[in-house]
Amino acid sequence: MTDDELERYARHLILREIGGQGQAKLRNARVLSIGVGGLGSPLLLYLAAAGVGTLGIVDDDIVSLSNLQRQVLFTSQSVGKLKTETAKQTLSGLNDGVAIQVFNERIVPENALSICGDYDLVCDGSDNFDTRYLVNQTCAELGIPLIAGAIGQWDGQLSVYAPHLNAPCYACVFPERPEADVAATCAEAGVVGALPGIVGSMMAMEAIKHITGAGDSLAGRLWIYDALSAETRTLKVSRRADCEMCSRYG
Ligand SMILES: [Zn+2]
């Protein structure tokens, strides 16, 4: 580690659970973010700041003015620009020791395996169920752990899905895909701006824990947050024997 790195990561290096070994694991880690919006913004900011060596970002969207209420990677000057390229610029400014790979496309069945297969950990902050089930299926097939967060108007949830480690996959926990009209997006239903900040930061926390081995993972547990009541709950969740997406793990 260089002198600059020793200073940059000083607050990690003195933590018993991270230390020099954990910091080296962070530097060697390759993490993919599906989407760079409300959840992807804090997720990527904290992972870049933490020194995750390689970050991938998949998104084909352009920054709009209505994104700025919650997508904290972007500024007024970003409006009209590609989210991936804008995010890359900001994240490189935050930490030039991080390699940032961008994919200016949507994740679809044709590219999912090749994009995800290049990473050790996938974080899904996408806003639609097609993407969520596809990313889950891809990670289950490849044996890559998946940290998936989701938000409603005032509530959020998060888990680490890892059927190859005997934890459930996303489809074990959510076997029924909601009807299109029930699954409203932020644009249709609204969302309070600080909420993706909380859930996206929790995703970053679980990623850092997973990479360094600190503490107890949320694998096998679903974390639920209700902002209006300021209550959190953690439910035990388990593999479903008849789950098609992760049946290969027995
Ligand atoms: Zn499953």
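This is a predicted model: local features need pLDDT of at least 70, side-chain atom pairs count only at pLDDT 80 or more; totals for chains, interfaces and linings use all residues.

Biologist: How many aromatic pairs does the structure hold? What makes the pair of tyrosine 133 and tyrosine 170 edge-to-face?

Modeller: There are five aromatic pairs in the structure. For tyrosine 133 and tyrosine 170, the distance is 5.3 Å centre to centre and the angle between the planes is 70 degrees. The distance is within 6.5 Å and the angle is over 60 degrees, so the pair is edge-to-face. Tyrosine 133 belongs to helix 7 (residues 129–142) and tyrosine 170 to helix 8, so the pair ties together parts that are 37 residues apart in sequence.

Biologist: Why is the pair of tyrosine 161 and tyrosine 170 called edge-to-face?

Modeller: The centres of these two rings, tyrosine 161 and tyrosine 170, are 5.6 Å apart and their planes stand at 80 degrees, so this pair is edge-to-face.

Biologist: How do you know whether tyrosine 133 and tyrosine 170 are buried or exposed?

Modeller: Buried means under 20% relative accessible area. Tyrosine 133 has 4% and is therefore buried; tyrosine 170, at 3%, counts as buried too. Tyrosine 161 is likewise buried. Alanine 171, in helix 8, is at 6% relative accessibility and so counts as buried.

Biologist: What makes the charged end of arginine 132 sit over the ring of phenylalanine 129?

Modeller: The charged end of arginine 132 is 4.6 Å from the centre of that ring. A charge must be within 6 Å of the ring centre and within 35 degrees of the ring normal. The charged end of arginine 132 is classed as sitting over the ring of phenylalanine 129. Arginine 30 is classed in this way over the ring of tyrosine 119, 5.2 Å from its centre.

Biologist: Where is asparagine 166, and why is it called exposed?

Modeller: Asparagine 166 is in the loop between strand 6 (155–161) and helix 8 (170–173). Exposed means over 50% relative accessible area, and asparagine 166 has 61%, so it is exposed. Its phi is positive, about 75 degrees, although asparagine 166 is not a glycine.

Biologist: What of alanine 230: is it buried or exposed?

Modeller: Alanine 230 is exposed, because its relative accessible area is 62%. It is found in the loop between strand 7 (221–226) and strand 8 (231–236), and its phi, near 55 degrees, is a positive value in a residue other than glycine.

Biologist: What makes helix 4 mostly covered?

Modeller: Of the eleven residues of helix 4, eight are buried. Among them are Leu43, Leu44 and Leu47. Glycine 51, which follows helix 4, has a positive phi near 90 degrees.

Biologist: Which residues have the most contacts inside the largest nonpolar core?

Modeller: They are Val31, Leu47, Val52, Leu55, Leu91, Cys123 and Ile147, in a core of 37 residues. Elements that give two or more residues to this core include helix 4, helix 5 (83–94) and strand 4 (121–124). Helix 10 has the largest share, with seven residues. In soluble globular proteins, nonpolar side chains tend to be buried together.

Biologist: Which helix gives the most to the lining of the second largest pocket?

Modeller: Helix 10 does, with six residues. Helix 4 (40–50) and helix 10 (194–212) each supply at least two residues of that lining. The pocket holds about 190 Å³ of space, and its lining divides into eight nonpolar, three polar and one charged residue.

Biologist: Histidine 12 is one of the lining residues. Why is it called buried?

Modeller: The cut-off is under 20%; histidine 12 has a relative accessible area of 18% and is therefore buried. Histidine 12 lies in helix 2 (residues 10–13).

Conventions: Residues are numbered from 1 along each chain as its sequence is written. Side-chain values use heavy atoms; hydrogens and water are left out. Helices (H or I, at least four residues) and strands (E, at least two) are DSSP runs, numbered from the N terminus. Buried means under 20% relative accessible area, exposed over 50%, partly exposed in between (1.4 Å probe, protein chains only). Rings of Phe, Tyr and Trp (its six-membered ring) pair if their centres lie within 6.5 Å; planes under 30 degrees apart count as stacked, over 60 as edge-to-face and the rest as tilted. On a 1 Å grid over the protein atoms alone, a cavity is a set of points where a 1.4 Å probe fits but cannot get out, and a pocket is an open set with protein on both sides within 12 Å along at least five of seven lines; lining residues have an atom within 4 Å of a point. Grid points are joined across faces, edges and corners, and a volume is the space filled by probe spheres set on the points. Ala, Val, Leu, Ile, Met, Phe, Trp, Tyr, Cys and Pro count as nonpolar, Asp, Glu, Lys and Arg as charged, and the others, Gly among them, as polar. A nonpolar core is a set of buried Ala, Val, Leu, Ile, Met, Phe, Trp, Tyr and Cys residues joined through side-chain atoms within 4.5 Å.
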